[in-house]
Amino acid sequence: MDIRKLKSGSDVRGVAVGEDAVLTVDVARTLGMAFAQYVAGKCGKAVQEISIALGRDSRVSGPSLLQAAAEGIAAAGAKAVDYGMCTTPAMYMAILTEGFQPEGSIMITASHHPWKLNGLKFFTEAGGLGFHELDEVLEIALGINEVPAPKGEIVAMPFLPTYQKHLQQIIINGIDPEVQKPLLGLHVVVDAGNGAGGFYATMLEELGAWVEGSQFLDPDGHFPNHIPNPENKEAMASISGAVKKYGADLGVIFDTDCDRAAIVDNTGKEINRNRLIAMISAILLEEMPGATIVTDSVTSSGLADFIKEWGGEHYRYKRGYRNVIDEAVRLNEAGINCPLAIETSGHAALRDNHFLDDGMYLVTVMLIKAMQLKQQGENLSKLLEGLREPVESTEIRLKVLEEDFAPCARQAIESVLEYACEHEDWHVAPDNREGVRISFDVDGELNSAWFLLRLSVHDPVMPLNAESDVPGGVKTVLGKLYEALKTQQGIDLSLLEAAL
């Protein structure tokens, strides 16, 4: 098997359970050995001088894949350190934490994906591996024909309690360093989705919060209650219902490995996607007026106006959490004050947290603000006042029929741009950096509806997003796009036609 086929963005991912498993213990063993060699090369050390930490989420295949990857690390001659159950952000923080500080780390997780899947995320001191860095690891793995018997040692050392203390101290320092239970009086419902984040409820309780109604805190790799995904409707409905049932101040929900999160307010209203971006942006812009907020390309026009009204600059960039993070880092290096990179999926990376996409850190920042507002007789939803939300929205994935799909999709985008230039009522977004984004005046309202058509990074599809601030606007703009695309070869327009 070509191990490169398991690449998914900047991770390795595949089916890990059953007869059709492709992410096997043999593959994990080979990747462990390859990563140890890669890290040693980057550190300029002999492989015998380095250590690699490993952690996993609650998936049933996690223990065997972690053990196999540890054996591969030890086979290379390095020291493998088993942290057991952990979160993805914690696996990077360990590299920076005194008393731990491995040269690299691996997290065994497939995020919110079905329980039969699993994957590996890789970290060095510089952060999570990017697309091209992962290619280097996979090339090393391709050259490994056989993994020898372990020469290095494999040891167990829990890190999650240390990471928990790190988060606790952030809350104490953020509210009142003189008070050890700064969350007294705050009622928070935590939903861990049977992933790795159940400890967060215990942590909040130790800080004085009331956590009655918290649910699905125990790890269960089959995810029997709901998909652990802050974008999933059933998951959000579940945490919303719990908040309303128990009269909590807010609810917190994590994905399986806790690099993404969302919240609901005291009324059970979901605060994810654009609302989540708006809320954390407001918190940061209070402290840093004029700062730039980097988001992915599908954020709403109302969000852009909201960030501007709070005194910030909205910077749309390409989809993909690594893309927005890398662009935020680049902007800071160029002297632009950019404290946040965030995707509508909930991946959020703050500069104060090493631009690590960490759902727990994000929620921790918002909990501090929630407590401060409660002390003033207010709640978090106050921050969202003035956020204009679309009346209608949709996403359609148009199939690209050509085998060499990328050039075909790019040609379609070019044809839409040419069409836009020929029609005065098509307003090309000046700040778009992915695909083509066009806005329209509908029912006399300026720029009240828009669509974004782009190319998927990995799949032969063209995602199409459309939103409108007035009823019927989505159908109007989709009809206009259809007129521009109807003679285009190689694109299946049947779903677009059905939407009309």
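Biologist: Let's start with one residue. Where does Lys369 lie?

Modeller: Lys369 lies in helix 11 (residues 359–375). Helices (H or I, at least four residues) and strands (E, at least two) are DSSP runs, numbered from the N terminus. This is a predicted model, where local features need pLDDT of at least 70 and side-chain atom pairs count only at pLDDT 80 or more, while totals for chains, interfaces and linings use all residues. Residues are numbered from 1 along each chain as its sequence is written, and side-chain values use heavy atoms, leaving out hydrogens and water.

Biologist: Thanks! Is Lys369 buried or exposed?

Modeller: The rule works on relative accessible area: buried means under 20%, exposed over 50%, and partly exposed in between (1.4 Å probe, protein chains only). Lys369 counts as buried because its relative accessibility is 14%.

Biologist: Which residues does Lys369 touch?

Modeller: A contact means heavy atoms within 4.5 Å. Leaving aside residues up to four places away in sequence, Lys369 touches Ile283, Glu286, Leu380 and Leu383.

Biologist: Now another lysine. What is the place of Lys486?

Modeller: You will find Lys486 in the loop between helix 13 (473–485) and helix 14 (494–499). Lys486 is partly exposed, at 45% relative accessibility. Its side chain is joined to that of Glu483 by a polar contact of 2.8 Å. A polar contact is a pair of N or O atoms within 3.5 Å; within protein, one must be able to donate a hydrogen and the other to accept it, and residues adjacent in sequence count only if both atoms are side-chain atoms. Lys486 and Glu497 are 11 residues apart in sequence, and their C-alpha atoms are 9.6 Å apart in space.

Biologist: How many salt bridges are there?

Modeller: Here is the idea: side chains of opposite charge can pair when their charged atoms come close. The rule asks for a side-chain nitrogen of Lys or Arg within 4 Å of a carboxyl oxygen of Asp or Glu. By that rule, the count is 27 salt bridges. One of them joins Arg29 to Asp26, with the closest N and O atoms 2.9 Å apart. These two residues are three apart in helix 1 (residues 25–43), so about one helical turn separates them. Arg29 is partly exposed, at 21% relative accessibility.

Biologist: Which salt bridge links distant parts of the chain?

Modeller: Look at Arg260 and Glu231, whose closest N and O atoms are 3.8 Å apart. Arg260 is in the loop between strand 10 and strand 11, while Glu231 is in the loop between helix 6 (199–206) and helix 7, 29 residues apart. Arg260 is buried at 2% relative accessibility, whereas Glu231 is partly exposed at 33%. Elsewhere, salt bridges with shared partners join Asp11, Arg13, Lys121 and Asp259 into one network.

Biologist: Last topic: in what order do the four strands of the open sheet come?

Modeller: Two strands pair if DSSP finds at least two bridges between them. In this open sheet, the order is 9-10-11-12, with mixed pairing. Strand 9 (188–191) and strand 12 (270–271) are the edge strands, each pairing on one side only. Strand 10 (residues 250–254) and strand 11 (residues 261–264) pair in the antiparallel sense over four bridges. Opposite Gly251 stands Val264 in strand 11.

Biologist: Which helix packs on the sheet?

Modeller: Helix 7 (residues 233–246) does, touching strand 9, strand 10, strand 11 and strand 12. Its direction makes about 150 degrees with that of strand 10. For such angles, axes are lines fitted to C-alpha atoms, for helices over the stretch in contact, and values run from 0 to 180 degrees between N-to-C directions.
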